[in-house]
Amino acid sequence: MRKRLFLSTCMLFIFSVGFAQKSDTPFKGRFENDEYQVFLLINLHGQDVKVPGQDIYGELPGYLGKRYNSFCWLITGAKVKSSTKASVELINEYGSEDLEATLTLQGDTLLTLKQGEGSDIKVPNKGKWQKLPSTLTFRRKSH
């Protein structure tokens, strides 16, 4: 009986620590949109994300990338407004286009990017530029 109580207490402690850590950094992780094959890799809290193969940019709050392609939109500025809302500034990797956007968390798994002022987000797709919708929903990828 004591062994079962001890194990139950340990498991409760481990789960509570895990949930506490997630709520401290809700805008951190990899979020994917399968329809457009794009993803967001972000850490708006620590702002320590590096773009693979592009060390020249240093550490950033994150980036929007395209699967199977090295093109990306860099998040150059970020402000967490609440546990569910943040604003970000993005530029394409050429520096020729920029925009402001809002990120909204819905629960722990869904994140919505809503484009605001500035350029439209375009990513390469089969040799052409594909304009992404002004509102995109991403799902958190499990580790």
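Student: Strands here are DSSP runs of E with at least two residues, numbered from the N terminus. Which strand does Glu117 lie in?

Tutor: Glu117 sits in strand 7, which covers residues 110–118. Keep in mind that this is a predicted model.

Student: Is Glu117 buried or exposed?

Tutor: Glu117 counts as exposed, because its relative accessibility is 61% and the cut-off for exposed is over 50%.

Student: Which residues form the negative surface patch?

Tutor: Glu117 is part of that patch, together with Glu89, Asp98 and Glu100.

Student: Switching to salt bridges, how many does the structure hold?

Tutor: There are six salt bridges in the structure.

Student: Let's take Glu32, then. Where does Glu32 lie, and which side chain does it meet in a salt bridge?

Tutor: Glu32 belongs to strand 1, residues 28–33. Its side chain pairs with that of Arg30 in a salt bridge, at 2.7 Å from N to O. The two side chains also make a polar contact, listed at 2.7 Å.

Student: Which residues are linked with Arg30 and Glu32 in a network?

Tutor: Asp34 and Arg67 are. Salt bridges link Arg30, Glu32, Asp34 and Arg67 in a network.

Student: Okay, what does Asp108 form a salt bridge with?

Tutor: The partner of Asp108 is Arg140, and the closest N and O atoms are 3.6 Å apart. This pair links distant parts of the chain, 32 residues apart: Asp108 is in the loop between strand 6 (98–106) and strand 7, while Arg140 is in strand 10 (residues 135–140).

Student: How accessible are the two ends of that one?

Tutor: Asp108 has a relative accessible area of 34%, so it is partly exposed. Arg140 has 18%, so it is buried.

Student: What about Asp120, which residue does it form a salt bridge with?

Tutor: Asp120 bridges to Lys131, with 3.5 Å between the closest N and O atoms. Here too the pair links distant parts of the chain: Asp120 in the loop between strand 7 and strand 8, and Lys131 in strand 9, 11 residues apart. Asp120 is partly exposed at 35% relative accessible area, and Lys131 is exposed at 53%.

Student: Where do they lie, starting with Gln47?

Tutor: Gln47 is in the loop between strand 2 (38–43) and strand 3 (62–66). For Lys126, the place is the loop between strand 8 (122–125) and strand 9 (128–131).

Student: And what is the relative accessibility of Lys126?

Tutor: Lys126 is at 79%, so it counts as exposed. For Gln47 the relative accessible area is 33%, so that residue is partly exposed.

Conventions: Residues are numbered from 1 along each chain as its sequence is written. This is a predicted model: local features need pLDDT of at least 70, side-chain atom pairs count only at pLDDT 80 or more; totals for chains, interfaces and linings use all residues. Side-chain values use heavy atoms; hydrogens and water are left out. Patches are made of residues with over 30% relative accessible area and no salt bridge: like charges are joined within 9 Å, nonpolar side chains (Val, Leu, Ile, Met, Phe, Trp, Tyr) within 5 Å. Accessible areas come from the Shrake-Rupley method with a 1.4 Å probe; for residues, only the protein chains shown count as cover. A salt bridge is a side-chain nitrogen of Lys or Arg within 4 Å of a carboxyl oxygen of Asp or Glu. Lys and Arg count as positive and Asp and Glu as negative; His and the chain ends are not counted. The place of a charge is taken as NZ of Lys, CZ of Arg, CG of Asp or CD of Glu. Helices (H or I, at least four residues) and strands (E, at least two) are DSSP runs, numbered from the N terminus. Buried means under 20% relative accessible area, exposed over 50%, partly exposed in between (1.4 Å probe, protein chains only). A polar contact is a pair of N or O atoms within 3.5 Å; within protein, one must be able to donate a hydrogen and the other to accept it, and residues adjacent in sequence count only if both atoms are side-chain atoms.
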